[in-house]
Amino acid sequence: MGKNTGFLDYPRLNKQELSVEERIKNFFDFHIPFDEEKQKEQAARCMNCGVPFCQSAMKVNGRNVGCPLSNLIPEWNHLIYLGLYEEAYKRLAKTAPFPEFTGSVCPGLCEACCSCSINGDSVGVKANELFLIDQAFKNGWIKPNKNIVRNGIRVAIVGSGPAGLSAAKHLNDRGYYVTVFEKNDRFGGLLMYGIPNMKLEKSIVERRIRLLQDEGIIFVNNTKIGVDYSMENLRNDYDEIIFACGTSKARPFTAKGNDKKGVYYAVDFLTKTTKNLLDEKKFEINCKGKDVVIVGGGDTGNDCVGTAVREGAKSVTLLEIMKEPPETNTLPWPNYPNGKKTDYGVFEANTVYGKDIRRYQTTVEEVLGEDSVNGIVIKRVNFVAGKFEDIPDTKETIPCDLLVVSMGFVGTSEEDSDSYEMKAEKNRIQLKGFAYDDKISVCGDMKNGQSLVVIAEKDGIDCAEYVISKHK
Ligand code: SF4
Ligand code: SF4
């Protein structure tokens with residue numbers, strides 16, 4: 001096996017997957033890991049660039065490209081190629097708090113700007129990351145650190161999603177007493193209830209929570225701050241408070257008839273599905289035998305499609321309000337993420353229903369039905385000068401008895417900010433840095449708006465560093 005010419009010698013391989021027919025029978029991960037030799041070859045494709053764009057955490061045309069965590073990608077790629085997996089894992093762990101999450105759900109911002117992708121296929125960095133963390137857990141290289149020297153400073157973290165967890169880990173590793181409060185029954189926030197099990201198995205989230213507990217972090221569930229635990233008590237009981245509550249307010253769906261039974265927001269649909277799955281209960285929102293329409297073609301819309309397919313929907317239609325994007329290979333480097341992609345859920349639905357389920361430039365005009373939805377009127381639109389305009393004579397009625405709205409989040413709900421006694425502007429806690437006042441800091445989507453798991457993790461780390469800087 002050669003290294004210097006690895007990018008010429010070995011084609012990029014995407015991980016094998018179970019057939020659609022097999023994988024939609026359950027909600028488990030459907031990827032088949034490479035064997036070690038193949039993984040080494042994939043790592044050998046890395047050119048160890050003098051300027052490794054992959055780890056550069058840049059913004060190009062307003063989009064994030066390069067790893068926001070600045071993971072030491074060429075270093076661990078090289079160590080994988082050499083078979084020095086433990087060394088490689090140690091390099092990975094220096095910057096990545098939870099590679100098992102990012103290795104599964106990150107869109108791979110590193111790969112979008114990998115030099116190999118200028119005129120070919122990028123290095124499979126994300127698969128290499130997941131390989132390393134799998135090796136680390138399998139071989140017992142990750143052990144709870146029980147010898148942390150404590151500094152006596154107590155920090156409360158409100159919210160156990162990616163930002164809250166990474167802030168908690170960073171501070172706990174550095175000797176702070178950390179307590180994480182979660183309003184739900186299970187910990188992980190979006191990682192637990194916003195991402196379906198086939199994309200990130202919940203046993204993996206629970207494994208990490210157990211590890212953090214073993215390292216001394218206290219986790220408190222079913223506790224909403226301002227309701228079950230007053231802000232006054234929180235301020236009295238802790239030296240520092242970090243809010244990392246994500247974005248809970250969905251973009252409103254205002255079509256006529258939006259209040260009919262059978263219309264759900266994606267967050268409720270996915271949360272209930274995962275909760276029922278873990279509690280081994282039958283699905284409360286069941287797609288079986290129904291004509292399901294998903295509104296919104298982003299990552300979450302795709303997750304809803306994959307969920308509906310697994311539940312046995314009679315048909316699935318995905319409505320996307322924007323124009324059909326150009327094919328990825330027509331865009332200049334590093335803009336490939338702006339191109340058309342067919343993610344797992346859409347691929348499954350296209351396979352099961354024998355046609356492309358996506359309809360672009362299409363939105364819902366009206367939800368039909370007496371009490372429950374039994375059809376929708378859709379229409380085509382153009383995006384002109386910053387707003388959507390109807391295309392005349394394009395209205396049509398299509399069957400629908402379950403409508404899932406996946407149009408993203410606008411930010412923090414008024415209910416949350418009121419309960420935390422915080423002032424939100426335009427649904428966000430608008431801050432320049434992390435400080436809300438002399439005791440409270442805010443990080444992640446709650447401050448920045450809806451974003452990616454990897455960006456929330458990085459913001460959690462930066463917020464923890466801010467707190468540390470106050471106690472030097
Ligand atoms: S966290 Fe995301 S961007 Fe960073 S190395 Fe992993 S897959 Fe790439
Ligand atoms: S840009 Fe691609 S080839 Fe270059 S160091 Fe990063 S992963 Fe390796």
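Residues are numbered from 1 along each chain as its sequence is written, while chains are lettered from A and ligands numbered from 1 in the order in which they are written. As the model is predicted, local features need pLDDT of at least 70 and side-chain atom pairs count only at pLDDT 80 or more, whereas totals for chains, interfaces and linings use all residues.

Trainee: Which domains does the domain assignment of the chain give?

Mentor: The bounds come from an automatic or database domain assignment. Domain 2 is written as two stretches, 154-248 and 410-470. The assignment gives domain 1 (6-138), domain 2 (154-248 + 410-470) and domain 3 (252-407).

Trainee: Which helix gives the most to the side of domain 1 that touches domain 2?

Mentor: Taken over C-alpha atoms, the centres of domain 1 and domain 2 are separated by 27 Å. Counting a contact where C-beta atoms, placed from the backbone, lie within 7 Å, 16 residues of domain 1 are in contact with 21 residues of domain 2. On the domain 1 side there are 11 nonpolar, 3 polar and 2 charged residues, where Ala, Val, Leu, Ile, Met, Phe, Trp, Tyr, Cys and Pro count as nonpolar, Asp, Glu, Lys and Arg as charged, and the others, Gly among them, as polar. With helices (H or I, at least four residues) and strands (E, at least two) taken as DSSP runs numbered from the N terminus, the most comes from residues 99-105, with 5 residues, and that is helix H6.

Trainee: From which helix does the largest share of the shell around ligand 1 come?

Mentor: A residue is taken as near a molecule if its C-beta atom, placed from the backbone, lies within 6 Å of it, and 13 residues surround ligand 1, the closest being Cys67, Thr102, Cys106, Cys110 and Lys126. By class, this shell has 8 nonpolar, 3 polar and 2 charged residues. Helix H7 (109-112) and helix H8 (125-138) each supply at least two residues of the shell. The largest share, 3 residues, comes from H8.

Trainee: How many charged residues does the shell around ligand 2 have?

Mentor: Ligand 2 is surrounded by 15 residues, of which the closest are Cys46, Cys49, Cys54, Pro74 and Cys114. Helix H4 (residues 73-81) gives the most to this shell, with 3 residues. By class, the shell around ligand 2 has 12 nonpolar residues and 3 polar ones, and the number of charged residues is none.

Trainee: Why does Tyr81 count as buried?

Mentor: Tyr81 is found in helix H4, and, leaving aside residues up to four places away in sequence, Tyr81 touches Lys3, Lys40, Ala43 and Ala44. The C-alpha atoms of Tyr81 and Lys40 are separated by 4.5 Å, although these residues are 41 residues apart along the chain. A residue is buried if 20 or more other C-beta atoms, placed from the backbone, lie within 10 Å of its own, exposed if 12 or fewer, and partly exposed in between. Tyr81 is buried because the count of other C-beta atoms within 10 Å is 23.

Trainee: Which strands are the edge strands of the open sheet of 5 strands?

Mentor: The strands follow the order E7-E6-E5-E8-E20 with parallel pairing, where two strands pair if DSSP finds at least two bridges between them. Within the sheet, 4 bridges join strand E5 (residues 154-158) to strand E8 (residues 240-243), and Val155 stands opposite Glu240 in E8. Each edge strand pairs on one side only, and these are strand E7 (218-220) and strand E20 (440-442).

Trainee: Which residue of E18 stands opposite Ile294?

Mentor: Strand E18 (residues 402-405) runs parallel to strand E11 (residues 291-295), joined by 4 bridges. Leu402 and Val404 point one way from E18, Leu403 and Val405 the other way, and all are buried. The residue opposite Ile294 is Val404.

Trainee: Is Lys426 buried or exposed?

Mentor: Lys426 lies in the loop between helix H16 (414-419) and E20, and has a positive phi of about 50° although it is not a glycine. Because Lys426 has 9 C-beta neighbours inside 10 Å, it counts as exposed.

Technical notes
Two residues are in contact if their C-beta atoms, placed from the backbone, lie within 7 Å.
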